[in-house]
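Please look over the chain displayed below before reading the briefing.

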Amino acid sequence: MWVDRDGRHAAVDPGWVGDFDTPALSPDGSRLAVALRGDADRDLWVKQLDTGPLSRLTFHEGSDDRPWWTADGRSVLFVSERGDTRGLARDLYRRRADGVGQAEPVLVLPEAIMQGQFSPDGQWLVYRTGVRDDLDIHARRLRGDTGTVALVAEPDINELSPALSPDGKWLAYVSDESGRWELYVRPFPNVDDGRWQVSTAGGSEPVWAHSGRELFYKNASDELMSSEVQTSPTFMVGQHLILFSAADYDSYAYHPQYDVTTDDQRFVMLKNVSSEGELVLVLNWFEELKARVGR
């Protein structure tokens, strides 16, 4: 669904239905990458907006999901279970968005990688490891010294949902250090130079505005929030605004389930509860099933 800042919504494409997950808009806003469940597993698809074709991007046993576009819009980075011989293994892969060539591994580790993105300048890979506990955020340079840098990896604290600002100078993330999920920001890559709490009533699923002057997130009441931020000469949090209730749209504390358009005026969201006989989309049930059986 397209949802504006006042909560008014409209279908992206009235004829487009399915069991969707983790939508991600291309940098120019012309395409949407989504995970779509087939008979058993998820694969990635790319749709030309609004009413253009839907093209399948990945073809593999095991789930491919959590897409993230490269800054030039040519490729999609994603989390994949392919080659899983370790039990719930997740690695990072990349494939050209036009489907040319094969998916190529970007980062394979002994532990599960659950989210990843490249920095806007293409110099860093930022990623989150851990499945349910011991969730940490790391980075690697893509040239020169490619050793792992622990960005936010405090013992007995979970950190997740890393999101780099449009200029690549700030890292937003979610932590449970206070006893509940809240949204924080640190300088990037020098994360020890400062730390600011953004949310005040719970915070998850951070997404930066393209202007770099707002952070969107969901509070503990499942409302979509906008917090004004200032990044120069130093970081400062301004006014907090409740945009609309997101209770009728899919949420997932560990990863954003929405994205924002290039003008920062609309959001693409997944409607998970409907009325008047409309299709009900059941999302993230496979992740919940794994948790229930202890995987």
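Strands here are DSSP runs of type E with at least two residues, and helices are runs of H or I with at least four, both numbered from the N terminus; two strands pair if DSSP finds at least two bridges between them. This is a predicted model, in which local features need pLDDT of at least 70 and side-chain atom pairs count only at pLDDT 80 or more, while totals for chains, interfaces and linings use all residues. Residues are numbered from 1 along each chain as its sequence is written, and side-chain values use heavy atoms, with hydrogens and water left out.

- β3 and β4 form a hairpin with five residues between them, and G29 in the turn has a positive phi of about 75 degrees.
- The pairing of β3 with β4 is antiparallel and runs over four bridges, with A24 standing opposite A33 of β4.
- β4 is also joined to β5 by seven bridges, again in the antiparallel sense, and L32 has K47 in β5 as its bridge partner.
- Seven of the seven residues of β4 (residues 31-37) are buried, so this strand is largely enclosed by the rest of the structure; buried means under 20% relative accessible area, exposed over 50%, and partly exposed in between, with a 1.4 Å probe and protein chains only.
- In a regular strand the side chains alternate between the two faces of the sheet.
- In β4, R31, A33, A35 and R37 point one way, whereas L32, V34 and L36 point the other way, and all are buried.

- D21 lies in strand β3 (residues 20-25) and counts as buried because its relative accessibility is 3%.
- The side chain of D21 makes a polar contact with the side chain of Q257 at 2.5 Å; such a contact is a pair of N or O atoms within 3.5 Å, where within protein one must be able to donate a hydrogen and the other to accept it, and residues adjacent in sequence count only if both atoms are side-chain atoms.
- T22, also found in strand β3, has a positive phi near 45 degrees although it is a residue other than glycine, and T22 is buried, with a relative accessible area of 3%.

- A cis peptide bond joins L49 and D50, with omega about -5 degrees, and D50 lies in the loop between β5 (42-48) and β6 (54-56).
- The peptide bond from F188 to P189 is cis as well, with omega near 5 degrees, and P189 is placed in the loop between β17 (182-187) and β18 (196-197).
- D264, in the loop between β23 (258-260) and β24 (266-269), has a positive phi of about 65 degrees although it is not a glycine.

**An open four-stranded sheet**

- An open sheet of four strands has the order β7-β8-β9-β10, with antiparallel pairing, and its edge strands, each pairing on one side only, are β7 (64-69) and β10 (104-107).
- Four bridges join β7 to β8 (residues 75-80), where V76 is the bridge partner of W69.

**The largest pocket**

- The largest pocket is lined by 33 residues, of which W68, Q117, L164, H210 and D259 lie nearest its centre.
- β3, β7, β11 (113-118), β15 (159-164), β19 (204-208) and β23 each supply at least two residues of this lining.

Terms used. 1 Å grid on protein atoms, 1.4 Å probe; cavity = no way out; pocket = protein on both sides within 12 Å on 5 of 7 lines; lining within 4 Å.
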